[in-house]
Amino acid sequence: MARISLTPRRTLTLRLAAWYSRRTYGKVMQPALALGHHPKILRSYFSFENKVARWKALDPALKRLAELASAATIGCAWCMDFGHWHADQLGLPLEKISKVPDWRAHEESFTELERWVMEYAEAMTATPPEVTDELAESLRGRLGDAAFVELTTMVAVENLRSRVNSAMGLRSQGFSDNCAIPPVSRTSDGAV
C-alpha cells in the first residue's frame, strides 16, 4: 500500500504527466502520481528521466541488467515490475531477465560481461558502496570510458528511483502482467 495518496491535486503538470504516461506506457505510473504532490519535483524528475533516456554509450541490454540488479538489491517491487516490462519492450529474453534477482545461482544464463555488470550494480547499491578497483577496471577495459561512466550513472539513477519508490510504498503496478514470461512448471505435489 502506498504511503502517500496516489490522487494528488490535478495540476497542469500532473495532467500533462498523466497524458504522457498513458500514451507511452498504457497507464498512469504511480511514481508520477506520488511526485504529483510536488509539481516542481515532478517536472524536474520528468525532465531528468527524459534526458537519461537519450544516453546511448552503454548497450541497452546491459543497462537493463544493471537497473534490475540494483532494484532487486534494494527490493523495489515497482521497479522490478516495470523493469521486466521495459526489458520485454526491448525484446530481451524474459526467461533470462527473470533470473536477475538470483543471478549468481544462474550464472550459466549470463555472459561474463553481464555478470560483471550485475556485480558492479550490486556493489554500487550496497551501503556503503563495495566497488573494487579490480571490478571497475575490468568493466572500464571492456566497455570503454563513456559506457563505464554511463553504467555507473545508470546504477545511481536506479538507486534514486528504487529508493524513492520503495520509501513511498509503491508496489507492482501490473506492467509485467503483460510480458511473455514463461509459465512456471509445477509437479502434481505443487513443487516447482
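Modeller: Happy to! Let's begin with two phenylalanines: F82 is buried, and F175 is buried as well. Keep in mind that this is a predicted model. The ring centres of F82 and F175 are 5.1 Å apart and their planes meet at 85°; planes over 60 degrees apart count as edge-to-face, so that is the name for this pair. Now look at where the two partners come from. F82 belongs to helix 5, which covers residues 77-89, while F175 is in the segment after helix 9 (145-167), so their pairing ties together parts that are 93 residues apart in sequence.

F175 has another aromatic partner, W85: here the centres are 5.6 Å apart and the angle between the planes is 55°, which makes the pair tilted. W85 lies in helix 5 and F175 in the segment after helix 9, so this pair ties together parts that are 90 residues apart in sequence. Like F175, W85 is buried.

Finally, a word on two cysteines. C76 has 0% relative accessibility, so it counts as buried, and C79 counts as buried because its value is 8%. As for disulfides, a search of the whole structure finds zero.

Note on methods
Residues numbered from 1 in each chain as written. Predicted model: local features only at pLDDT ≥ 70, side-chain atom pairs only at ≥ 80, totals over all residues. Heavy atoms only, no water. Disulfide = S-S within 2.5 Å. Buried < 20%, exposed > 50% of the residue type's maximum accessible area, 1.4 Å probe, protein only. Phe/Tyr/Trp six-rings, centres within 6.5 Å; stacked < 30°, edge-to-face > 60°. Helix = DSSP H or I, 4+ residues; strand = E, 2+ residues; numbered from the N terminus.
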